[in-house]
Amino acid sequence: MTIDRIINKFKENHPGVDASILHLAYEYAKEAHQGQMRKTGEPYINHPLHTAYILTEIKADLATVIAGLLHDVPEDTYRTLDDVEKEFGEEVANLVKGITKLGKIKYRGIERYKENLKKMFLAMTNDLRVIFIKFCDRLNNLRTIEGLPVEKQKRIARETLEIYVPIAGLLGISRLKWQMEDICFKILYPDKFHELEYKYEVEKKVERNQFFQKIKNILTPKLKEANVDYGIEIRFKHLYSIYQKMQKKNRKFDEIYDVFALRIIVPSINDCYKTLGIIHTLWKPNPSRFKDYIAVPKPNGYKSLHTTIYGPEGKATEFQIRTNEMHEESLYGLAAHWYYKHSERNNYQSPNWIKEIIEVQKEVTNTDELVKKVKLDVFQDRIFVFSPQGDVFELPERSTPIDFAYAVHSNIGNKAASVLINDKLGKLDQELRNGDMVKIVTEKNRHHPNPDWLKFVKTRRAKERIKQYARKSSLERLKRFIPGIKEK
Ligand code: MN
């Protein structure tokens with residue numbers, strides 16, 4: 001990978017934008033990572049380069065690609081976040097800061113943290129571009145995972161499938177979702193992966209191509225007759241999704257009939273329905289498999305017509321019919337909206353683009369579900385903070401370190417003496433903010449909470465524990481004055 005390839009790819013999607021700053025960012029990152037190696041033995045700079053390239057593939061904007069190049073600089077080199085800000089400005093620095101923060105969250109595979117992690121992932125990033133960078137970073141880490149011990153590979157793969165993949169699905173970035181899924185599938189179930197790969201790539205390939213040719217020969221003249229300008233492709237079926245279907249429906253590979261799937265891309269919505277009509281007059285459709293996601297898009301914004309017909313030799317074949325715009329959307333999710341919106345007006349501006357996208361999404365689909373899920377103010381009354389070990393805790397807004405301490409363990413709460421917030425000394429009654437890393441310093445000899453804490457704690461758990469001790473201690477005082485009272 002070279003920086004020139006990244007610049008060229010970037011210019012494809014953003015013609016007319018001065019991308020020379022990417023050279024600077026590259027030189028900066030290269031110098032900072034000088035002498036560092038990846039576990040695979042290659043120079044470290046290859047990793048940020050690949051991350052940045054994947055970002056250009058999903059049509060990210062300039063600040064995002066720069067941040068992709070710099071994303072590991074503050075964490076792993078002598079250059080600090082302030083240095084990055086001085087050199088590349090606040091927008092880029094904020095993106096890099098977001099990545100560094102997300103990197104601190106650790107995954108332990110415990111059910112309890114899974115939901116929190118997903119939520120935190122979304123809540124902690126006021127800017128969804130951070131999540132895109134994190135995804136591309138993860139994708140490159142997965143692609144170069146062989147350098148790691150097998151157990152670690154599996155942990156990372158599980159984390160990706162449980163946390164990253166669902167979020168990619170939620171944001172509609174299916175391109176990244178599929179790529180991550182198939183690599184994780186290979187890491188977690190290598191035998192099954194290779195078996196399916198062989199069936200799909202070797203055994204079925206010839207059959208698939210012949211069948212595709214047959215369909216094309218019948219369909220093409222009809223589409224031409226109707227003046228529909230079309231593109232047709234064999235839909236690449238992802239191995240993990242085939243595997244999931246086999247598991248869910250308890251079927252063998254040969255029984256998953258939409259393995260034969262074709263995609264037709266046409267210029268307009270009108271052409272979509274025209275094409276559907278032509279297909280249905282040529283072959284008999286299976287009515288239970290027909291879906292009009294153009295009239296009723298999926299919650300993540302996905303649009304397309306799906307139909308399964310009994311094609312030549314009675315073989316069930318799935319068609320997806322969509323416009324080019326819908327196609328891009330299905331690959332890049334929210335990012336595509338932004339791209340289209342701006343390329344139409346042909347002007348380039350980036351800040352707040354995600355907010356705009358969310359607005360657009362709202363207008364376009366009318367299904368509030370995605371908007372609700374993505375919209376960060378869903379989390380308005382909750383914050384997510386983490387322990388130095390990377391465990392995530394969900395707390396009500398305006399919670400204090402004492403609330404956090406009791407959320408971790410009653411003993412930590414009872415013995416809390418002071419607190420470090422993001423490695424700086426804080427106060428036990430100060431309000432925590434989203435993404436804070438909180439370390440409670442305990443005092444061994446202390447066993448009682450301070451009743452004054454009741455004045456500021458927010459969680460019920462903390463209140464109850466402190467009151468419990470307040471009651472106990474008044475009983476103890478009584479005992480001291482009236483020796484007759486005894487505990488049984
Ligand atoms: Mn990285």
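Strand S9 (residues 416-421) and strand S10 pair in the antiparallel sense over 3 bridges, where pairing requires at least two DSSP bridges between two strands. Within this pair, Ile 421 stands opposite Lys 424 in S10. Strands here are DSSP runs of E with at least two residues, and helices are runs of H or I with at least four, numbered from the N terminus. This is a predicted model, in which local features need pLDDT of at least 70 and side-chain atom pairs count only at pLDDT 80 or more, while totals for chains, interfaces and linings use all residues. Residues are numbered from 1 along each chain as its sequence is written, and side-chain values use heavy atoms, with hydrogens and water left out.

Now for the metal site. His 47 (NE2), His 71 (NE2), Asp 72 (OD) and Asp 137 (OD) coordinate the manganese ion at 2.2 to 2.3 Å; donors are N, O and S atoms within 2.8 Å of the metal (3.2 Å for Na, K and Ca), and sites may look incomplete as water is not among the atoms. The donor spacing in sequence is H-x23-H-D-x64-D. His 47 sits in helix H3 (residues 46-57), whereas His 71 lies in the loop between helix H4 (62-70) and helix H5 (73-76), 24 residues apart.

Finally, the protein chain as a whole contains 21 helices and 11 strands.
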